[in-house]
Amino acid sequence: MKSENTGGTILREKREATAGFDPEAIMADFPILTRKIGSNKLVYLDNAATTQKPTSVIEALNSYYRVMNANVHRGLHTLAEESTAAFEEARRKTALFIGGVKSEELIITRNATESINIVAASWGRKNIRRGDRIVLTEMEHHANLVPWIALSKETGAELAYIPIDSQGVLDLENIDSIITDNTKIVSLTQMSNVLGTINPVEEIGRIAHAAGAVFLVDGAQSAPHMPVNVKAMDADFYVFSAHKMLGPTGIGFLYGRENILNSMEPFLYGGEMIREVRYDYADWNILPWKFEAGTPNIAGAIGFSPALDYLNSLGMESIRDHEKKLTAYAIERLSEIKGIMIYGPKDIESRGGAVSFTHGEIHPHDLATFLDSRGIAIRAGHHCAQPLVKKLGLNATARASFYIYNTNSDIDDLAAGLAEAWRYFGHG
Ligand SMILES: Cc1ncc(COP(=O)(O)O)c(C=O)c1O
């Protein structure tokens with residue numbers, strides 16, 4: 001880390017000079033959005049699954065491999081110093097983005113899923129026993145469900161769930177009987193990928209801490225779409241993935257409170273995560289590298305830097321405002337279509353831009369396939385939240401989800417496509 005950062009400044013694009021929020025101008029920064037699906041322009045409404053990448057991110061990845069490629073933290077040559085500096089600059093920038101946490105507290109992982117697995121394995125195995133309780137909610141993604149089910153199987157700890165009401169909002173009425181004195185961890189999503197619901201994480205965090213529990217927030221759907229301050233929500237752990245916020249795939253983050261991370265055993269063992277190794281002995285590196293065994297996704301981290309620049313140049317408040325408008329418009333337009341049922345809160349303040357819906361007569365998979373034939377990309381299925389979708393009395397929903405480059409015109413295309421689907425499937 002002797003040299004100045006270069007990766008963070010690789011091709012920081014014209015967006016920094018562009019004030020204001022103009023989806024049309026933004027669209028021009030995303031090469032894939034000029035693509036055609038058959039003869040139709042692409043209307044990309046699957047942003048909760050992954051977002052598209054701006055030119056600056058694509059160029060940073062390209063440029064890294066062209067001019068800087070070297071392993072990090074090990075070399076004494078120029079390329080290694082540059083790539084190490086750029087990699088660590090991406091970490092610093094990300095730490096700032098989630099509320100100014102210390103770089104030592106931010107572990108670079110593959111994705112949100114891996115981040116939760118690190119907590120369940122390294123913290124969970126050490127701290128959770130038979131008779132303890134793990135509290136989740138009924139709206140969790142499998143990423144924040146299956147690691148805890150596995151831990152419960154292994155340890156005999158019980159699982160308890162904060163229920164949802166008919167609007168898809170957490171029902172906190174009996175929270176004191178759910179977050180009990182034997183609760184060791186409360187782990188929940190800040191925003192549901194199915195219902196769009198934004199959860200009151202500050203309030204639940206206070207209750208969790210009052211019960212002596214550790215508090216994990218899954219930010220996979222919130223970090224990309226709203227201002228996030230991990231300190232304000234007093235989370236002990238916070239996880240998210242770069243690919244859902246303009247960044248490359250294969251890179252994610254685990255924020256952990258320093259004293260808790262220090263008390264945990266490593267998750268993976270090998271190079272990079274050690275301080276000293278002898279034939280019969282090894283001890284561990286300091287944070288954050290103690291949890292980063294092996295060669296990390298260097299290009300991914302360096303490619304994420306301009307993604308954060310891009311989001312920062314727009315401002316997370318502006319992004320949230322833009323998506324609120326889009327979501328309100330989508331709910332209005334979809335509500336006009338016969339047979340469509342929309343899930344999750346209708347109140348725009350308490351939800352984000354993942355809008356799940358079903359059609360009384362047309363299966364979600366048929367809807368998605370039909371819309372694809374019109375160039376419109378939505379998601380259909382259980383969205384990796386099988387228990388939640390089952391709780392809604394369904395096997396699948398269709399889901400449209402929005403991001404910075406979407407416009408009302410995309411929603412008009414979606415509404416027109418759904419009306420056409422109604423006619424196509426013989427109801428016209
Ligand atoms: C709420 C939520 N949590 C966790 C994840 C897992 O993210 P990843 O697949 O990037 O690990 C997702 C992905 O859709 C999600 O929506």
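1. A crossing of two helices is left-handed if the near helix is turned anticlockwise from the far one by less than a right angle, and right-handed if clockwise. By that rule helix H4 passes helix H5 in a right-handed crossing. Helices (H or I, at least four residues) and strands (E, at least two) are DSSP runs, numbered from the N terminus.

2. This is a predicted model, in which local features need pLDDT of at least 70 and side-chain atom pairs count only at pLDDT 80 or more, while totals for chains, interfaces and linings use all residues. Residues are numbered from 1 along each chain as its sequence is written.

3. H4 covers residues 112-127 and H5 residues 146-155; their axes come within 9 Å and cross at roughly 20 degrees. Axes here are lines fitted to C-alpha atoms, for helices over the stretch in contact, and angles run from 0 to 180 degrees between N-to-C directions. H4 and H5 are therefore roughly parallel to each other (angles under 35 degrees count as roughly parallel, over 145 as roughly antiparallel, 65 to 115 as roughly perpendicular and the rest as oblique).

4. On the H4 side, Ile-116, Asn-117, Ala-120 and Gly-124 meet Pro-147, Trp-148 and Leu-151 of H5; contact requires C-beta atoms, placed from the backbone, within 7 Å. The residues of this contact divide into 5 nonpolar, 2 polar and no charged. Ala, Val, Leu, Ile, Met, Phe, Trp, Tyr, Cys and Pro count as nonpolar, Asp, Glu, Lys and Arg as charged, and the others, Gly among them, as polar.

5. Helix H10 (residues 316-335) packs on helix H13 (residues 408-427) at an angle of about 20 degrees, with the axes 10 Å apart. That angle makes H10 roughly parallel to H13, and H10 passes H13 in a right-handed crossing. Leu-326, Tyr-329, Ala-330, Arg-333 and Leu-334 in H10 meet Asn-408, Ile-411 and Ala-415 in H13. The contact is made up of 6 nonpolar residues, 1 polar and 1 charged.

6. An open sheet is formed by 7 strands in the order S4-S10-S9-S8-S7-S5-S6, with mixed pairing; two strands pair if DSSP finds at least two bridges between them. Strands S4 (106-109) and S6 (158-162) stand at the edges with a single partner strand each, so one side of each has no neighbour in the sheet. From one strand to the next the twist averages 20 degrees.

7. How many residues of strand S9 (residues 237-241) are buried? The count is 5 of the 5, so S9 is largely enclosed by the rest of the structure. Buried means that 20 or more other C-beta atoms lie within 10 Å of the residue's own, exposed 12 or fewer, and partly exposed in between, with C-beta atoms placed from the backbone. Both faces of S9 are covered, with Phe-237, Val-239 and Ser-241 on one side and Tyr-238 and Phe-240 on the other.

8. S9 runs parallel to strand S8 (residues 214-218), joined by 3 bridges. Leu-216 stands opposite Phe-237, and Asp-218 opposite Val-239. With strand S10 (residues 252-256), S9 runs antiparallel through 5 bridges; there Phe-240 has Phe-253 as its bridge partner.

9. Ala-368 lies in helix H11 (residues 364-372). This residue counts as buried because it has 20 C-beta neighbours inside 10 Å. Leaving aside residues up to four places away in sequence, Ala-368 touches Ile-378, Arg-379, Ala-380 and Ala-398. Ala-368 and Ala-421 are 53 residues apart in sequence and 9.8 Å apart in space, C-alpha to C-alpha.

Terms used: Two residues are in contact if their C-beta atoms, placed from the backbone, lie within 7 Å.
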